[in-house]
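Good morning. Please look at the structure first.

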Amino acid sequence: MEYIYSAMVLYAAGKDITEDAVKAILKSAGIEPDVAKVKSLIASLEGVDIKEAIASATSMTIAPTTTAAPATAAPEAKKEEQAKEEQVSEEEAAAGLSALFG
């Protein structure tokens, strides 16, 4: 995820998304960049209109389908429901990011 985040920081700053720029951001965050992952990211973003990808990803956001547990629910039930909500959120995030890679 940090590789995509670095590309998004560059995009938000109006900078070119290059291998060197992504590596620099990762290094500044204390992460040793994996050259293969950086090359893959740059290749994946080639020809992608990031603004359009973000707009389409945000329009695809699905409203949560879970309902709140009653106040009398057992603590275990609350933990299970919370885990399900987190799983749905991760799936939605992954779906939105997949739009970036066309």
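Start with helix α1, residues 2-12, and helix α3, residues 35-45: in this predicted model they pack at an angle of about 50 degrees, and their axes are 10 Å apart. Those two values are there because two packed helices are described by the angle between their axes and the distance between the axes. Angles of 65 to 115 degrees would count as roughly perpendicular, and under 35 as roughly parallel. α1 and α3 are therefore oblique to each other. The crossing of α1 past α3 is right-handed.

Which residues make the contact? From α1 they are Tyr-3, Ile-4 and Ala-7, and from α3 they are Lys-37, Val-38, Leu-41 and Leu-45. Sorted by class, the contact of α1 with α3 has six nonpolar residues, one charged and no polar.

Next, the core. The largest nonpolar core has eleven residues, including Tyr-3, Leu-10, Val-22, Leu-26 and Ile-42. At least two residues of this core come from each of α1, α2 (19-28) and α3. As general background, nonpolar side chains tend to be buried together in soluble globular proteins.

Take Ile-42 from that core. Neighbours within four places in sequence aside, Ile-42 is in contact with Ile-17, Thr-18, Glu-19 and Val-22.

Last, the whole chain. How many helices and strands does the protein chain have? There are five helices and zero strands, and the pattern along the sequence is α-α-α-α-α. Of the 102 residues in the protein chain, 19% are buried. Of the contacts between residues at least 6 apart in sequence, 57% join residues at least 24 apart.

Conventions:
Residues numbered from 1 in each chain as written. Predicted model: local features only at pLDDT ≥ 70, side-chain atom pairs only at ≥ 80, totals over all residues. Heavy atoms only, no water. Axes fitted to C-alpha atoms, helices over the stretch in contact; angles between N-to-C directions. Helix = DSSP H or I, 4+ residues; strand = E, 2+ residues; numbered from the N terminus. Parallel < 35°, antiparallel > 145°, perpendicular 65-115°, else oblique. Left-handed = near helix turned anticlockwise from the far one by under 90°. Contact = heavy atoms within 4.5 Å. Nonpolar A, V, L, I, M, F, W, Y, C, P; charged D, E, K, R; others polar. Core = buried A, V, L, I, M, F, W, Y, C linked by side-chain atoms within 4.5 Å. Buried < 20%, exposed > 50% of the residue type's maximum accessible area, 1.4 Å probe, protein only.
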